[in-house]
Amino acid sequence: MDLHLSQISHAYDDVTVLENIDFHIETGQIVCLIGPSGCGKSTLLRFIGGLELPTSGAVMQIGSPPKDSLNPLTYIFQDFALLPWRSVRGNISLVLEDHGIKGTAAKAIIDDVLLRTKLQDFGDALPKQLSGGMKQRVAIARALAVKPACLLMDEPLSALDSQTRELLMDDLIDLWLKERYTACYVTHNLNEAVRLGHKVVVLSRRPGKIREIVSIDIPLEERKNNPAKLQEYQDYLWNLMRDEARAADQELNHA
Amino acid sequence: MPDKNEPITGNPVPYRGGGFAPRPNRIIAPVLFIVLITVWETGSRLGWISPIVLPAPSEAFNAFKELFVSGQLALHLSASLQRLVVGWICGTILGLVFGFAAGLFTMARGGIVPFVAAIFPIPKIALLPLFIIWFGIGEESKIATILFGTFFPTVIAVYGGVDNVDRGLIRMGQSFNLSWWSITRKIILPGALPAILSGFRISASISIILLVAAEMIGAEYGIGAYVLLAGNLMAMDQLVAGVAMLSILGLSVSWVIGRAEKYFLNWRV
């Protein structure tokens, strides 16, 4: 299932936030969305998942999601969004219960996703006992449990310390190499974008418009061995963004 | 870098952290209590405190023992507990229903919140005569007083609790296509539970206050009736015994809610 964002514009009252956003998310690709703070990246991601409606334009599903997908468009949130009163297993079971999956069927799915995220020993822990990185892995496990057609990741690594971020980044890359998931990845970290993205959509500052769409033509598995080329891409992106970021930083907040 | 053999001179950096973190302590309260009772008892024995003004703790205890031996204690206590439990439970159920309605629906909020704001501050004791006319002088008016006293703080605690549930968690529920009922039951209810339980603390204390007030009119049995009678007879030892019973009742309620909080909110950081 591909996703197409067609001519999306959005305004709160009379402040235009996003203008004419138009791009395509292909199956099996990771599209990164970058832009200065306040440019509407996260809002755009909420449109893609149907949590909010744009003033004009629409997000189109092209083709239908795989039959076994319980929740085609699945989010991974920056703040993990785990229920603190449920154990790791309980948090994953939460999203299965409404599909009538209980008992042994649920246990099989939960065991499987815990194994894939290397959490098999922590099923009965409460979120308060876990580190930030572990919590985000639980959130990834929960997302995998509903067999998403497209993962929508809203700065999933931003709340983590830099070592954990490195580890989880590697996990996301490994997971993609194994499962070829489709994803839209919002970040303000250019390094994350060039390491994970097949395509990087650069947004300008408010009102957010597409500045440029940069395709990164190095296969994901080869990127580790090509640091110089990646750095080139990163520098190119930074050049695109620098002035915008400075201007955005100096803007008064009208909200 | 100083030479390794040279002694290091200078003052240690002064410590200025610490404080602002009181810890629970199991010993202080009982010791304070025993000291207070001892001073009071000694004062009475030595004649510093006139028995007309304040009876000795031992006298109050004797009055309590007398009450126990005569079998009156069970009658008073069961009458009071019955009113308290029935009134509190009914008020709490209604409060939960209306509180959740106000927390979840625009229409209900518009109707309930101003209504609660208007009636909550009225002392329910002032309405007692009205309740007696409506519900009769028997149990109904007493239970109604406690019910009303419990209802309003519960509504406020519940809708406040619902408002404070992490919006991110609700959005997460929606993003996984959970049904409205699932979100309410599995996300909003547990998320509001800390506020609801602390609301129970307040509503339980209010219902004990109202219990005594209600029992002072037209009740044969009940701790309030006992205290009122003792006051009318100037039987200070009985009065102190009755007041002590109320205090113990309050402590027990607070202990029960504390246990409930430990059990239901063990997930809190």
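Student: In this predicted model, how many bridges join strand β8 (residues 199–203) of chain A to β9(A)?

Tutor: The two strands run antiparallel to each other, and A:Leu203 has A:Ile210 as its bridge partner in β9(A). The number of bridges that join β8(A) to β9(A) is 5.

Student: In what order do the strands of the open sheet of 6 strands in chain A stand?

Tutor: The pairing in this sheet is mixed. At the edges stand β5 and β9 (210–215) of chain A, each with a single partner strand, so that one side of each is left without a neighbour in the sheet. Ignoring direction, neighbouring strands are turned against each other by 20° on average. Read across the sheet of chain A, the order is β5-β6-β7-β3-β8-β9.

Student: Which helix lies across β3, β8 and β9 of chain A?

Tutor: One helix that packs on the sheet is α1 (residues 41–48) of chain A, but what α1 touches is β3 (30–34), β5, β6, β7 (183–186) and β8, with a direction at about 155° to that of β7(A). The helix you ask about covers residues 227–250 of chain A and runs at about 15° to β8(A). The helix across β3, β8 and β9 is therefore α7 of chain A.

Student: Which elements give two or more residues to the side of chain A that touches chain B?

Tutor: Across the contact, 17 residues of chain A meet 16 residues of chain B. By class, the side of chain A that touches chain B has 11 nonpolar, 3 polar and 3 charged residues. The elements that give two or more residues to this side are β5 (73–76) and α2 (88–97) of chain A.

Student: What covers the buried residues of α2(A)?

Tutor: In α2(A), 7 of the 10 residues are buried, so the helix is largely enclosed by the rest of the structure. The buried residues are A:Val88, A:Arg89, A:Asn91, A:Ile92, A:Leu94, A:Val95 and A:Leu96. What covers them includes elements from both chains, namely α3 (103–116) and α4 (132–145) of chain A together with α8 (180–215) of chain B.

Student: Which element gives the largest share of the largest nonpolar core?

Tutor: The core has 121 residues, and those with the most contacts inside it are A:Cys32, A:Leu33, A:Ala145, A:Cys184 and A:Tyr185. The largest share of this core amounts to 15 residues, and it comes from α8(B).

Student: What is the radius of gyration of chain B?

Tutor: Chain A, with 7 helices and 9 strands, has a radius of gyration of 18 Å, close to the 18 Å of the globule rule for 255 residues, so chain A is as compact as a globular protein of that length. Chain B has 10 helices and 0 strands, and its C-alpha atoms fill a box of roughly 85 × 70 × 30 Å along the principal axes. A compact globule of 269 residues would have a radius of gyration near 18 Å, but for chain B the value is 26 Å.

Student: Is B:Val253 buried or partly exposed?

Tutor: B:Val253 lies in helix α10 (residues 236–264) of chain B, and its C-alpha is 8.0 Å from that of B:Arg201, 52 residues away in sequence. A residue needs 20 or more C-beta neighbours within 10 Å to be buried. With 18 such neighbours inside 10 Å, B:Val253 counts as partly exposed.

Key
Residues numbered from 1 in each chain as written. Chains lettered and ligands numbered in written order. Predicted model: local features only at pLDDT ≥ 70, side-chain atom pairs only at ≥ 80, totals over all residues. Contact = placed C-beta atoms within 7 Å. Helix = DSSP H or I, 4+ residues; strand = E, 2+ residues; numbered from the N terminus. Nonpolar A, V, L, I, M, F, W, Y, C, P; charged D, E, K, R; others polar. Buried ≥ 20, exposed ≤ 12 C-beta atoms within 10 Å, placed from the backbone. Core = buried A, V, L, I, M, F, W, Y, C linked by C-beta atoms within 7 Å. Rg over C-alpha atoms; globule rule 2.2 N^0.38 Å. Pairing = 2+ DSSP bridges. Axes fitted to C-alpha atoms, helices over the stretch in contact; angles between N-to-C directions.
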